[in-house]
Amino acid sequence: MVSFRAAFLRVLCILIIGLVLVALLLDVAVFNFFRSQALTAATNFTGTNATFVRTQASLHSPTAPAPATTAGWGHAEREKARQAFDAAHMRFKGAAKASFRLPLSDTDITVVNGVATHAWWSRVASGAWEPQTFRVFNQELRPGMVYVGFGEWVGVTGLFAAQRVKKAILMDADPRAYEELRANVKLNQASLSNRMETDPRCISSSRGKVKMHGNGGSGSSIVSQAWTTGMPEFEVDCLPLSELLAEYGVTTETDHVFVKIDTEGAESLILPSLREWVEASKKKPTIFLSMHNKANPDQRKAIVAVLNLFPFYAVLPGRTSDVDLGPEADKGECKAGVALHPNPHGNRFLESALCSWCDYLVTTDATRANVVC
């Protein structure tokens, strides 16, 4: 009798232990499942699945149209995708945040401590980073304009622009940079009256996928450069500027558009593609172009043709001086803007004198320069 009872208790103990082990295994399996979902979402967001990133533009940019991949989505699907975005966005949720005031601005912005560290933002706020860019923006951006920034990186120029214009469209196709851009925009959207839109695509002469090299830093590019060697490669979506503006309800029949192009060499592809758009615009845009040593002879000819469409210009020296920029090159004498010079005959810019490292500002209106400078 005793031996039977002992055997029964032994079996019962084994069963209880087995049930406990099964419960633990199930718990681990469930945890790993949800962890894998979050990691998949994060991985998709940071570059291995650009379609996922593009989908987020429609979920988090109120006026941006849903891309084809979201056609027919219901509330449940959109909410699931939104939650996946939040999982990918987790590394910034607990990130340290700090406020800075950009040069020539009267409004503080709040940013995360990410690839662009708070030490770097402090340098920007001190005026040590691209002071000429803020002088151009201070002079040329005004209420009623639409700002479109190509190569926004983490949003430093777009966050300034959004303080001055009625709508700011901030673009960066590097998924890691776009993640940080989105985080910074989200922190400032309410204080800037929801004037900002973000878009993870690039601008080109036609719609399609292109290869980009990037690592979340400021040097990502869709063209090969010395500094992109060894960077991860991924596919991104591009489209013409005219089609992008139509998606956002912007028309040069009534809107004055300010275009900032800082694309690490891709300007050699982008600016030539804008000629027909500029010529067809009833309200001519203002273009601020950064050159990055990549244009071939045909591209230089096409870039010059676009620059010569504008009656006023400024030339701002870059990191090196590869050509003589002329006596009108900006010397920083105007502390809140830049002096503009006339190009009445459309022949100021020559292929042989096009810089490899400098900035060009072209516009149809010199009024603000006369006031500021």
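Let's start with strand β9, residues 257-261, where 5 of the 5 residues are buried. Buried here means under 20% relative accessible area, exposed means over 50%, and partly exposed is in between, using a 1.4 Å probe and protein chains only. Strands are DSSP runs of E with at least two residues, helices are runs of H or I with at least four, and both are numbered from the N terminus.

Before going on, a word about what we're looking at: this is a predicted model, where local features need pLDDT of at least 70, side-chain atom pairs count only at pLDDT 80 or more, and totals for chains, interfaces and linings use all residues. Residues are numbered from 1 along each chain as its sequence is written, and side-chain values use heavy atoms, with hydrogens and water left out.

Back to β9. Which way do its side chains point? V257, V259 and I261 go one way, while F258 and K260 go the other way, and all are buried.

Now, its neighbours. Two strands count as paired if DSSP finds at least two bridges between them. Strand β3, residues 146-150, pairs with β9 in the parallel sense over 5 bridges, and V148 has V259 as its bridge partner. Strand β10, residues 286-290, also pairs with β9 in the parallel sense, over 4 bridges. There, F258 stands opposite T286.

Next, disulfides, meaning pairs of cysteine sulfur atoms within 2.5 Å. How many does the structure hold? There are 3. One joins C202 and C238, with the sulfur atoms 1.6 Å apart. This pair links distant parts of the chain, since C202 sits in strand β6 and C238 in strand β8, 36 residues apart. Both C202 and C238 are buried.

Another disulfide is C334 with C373, at 2.0 Å between the sulfur atoms. C334 lies in the loop between β11 and β12, and C373 in the segment after α13, so the pair ties together parts that are 39 residues apart in sequence. Is each end buried or partly exposed? C334 is buried at 12% relative accessible area, whereas C373 is partly exposed at 44%.

Then there is C355 with C358, S to S 1.8 Å. C355 is buried at 1% relative accessibility, and C358 is buried at 2%. If you number the bonded cysteines in sequence order, the pairing reads 1-2, 3-6, 4-5.

Last topic: salt bridges. We call it a salt bridge when a side-chain nitrogen of Lys or Arg is within 4 Å of a carboxyl oxygen of Asp or Glu. The whole structure has 14 of them. In one, R207 meets E247 at 2.8 Å, N to O. R207 lies in the loop between β6 and β7, and E247 in helix α9, so this pair ties together parts that are 40 residues apart in sequence.

Another joins K209 and D237 at 3.2 Å, N to O. Because K209 lies in strand β7 and D237 in strand β8, the pair ties together parts 28 residues apart in sequence. K209 is partly exposed at 48%, while D237 is buried at 16%.

Finally, E279 and R275 meet at 3.2 Å, N to O. They are 4 residues apart in helix α11, so about one helical turn separates them. Elsewhere, salt bridges that share partners join D199, R201, R207, E243 and E247 into one network.
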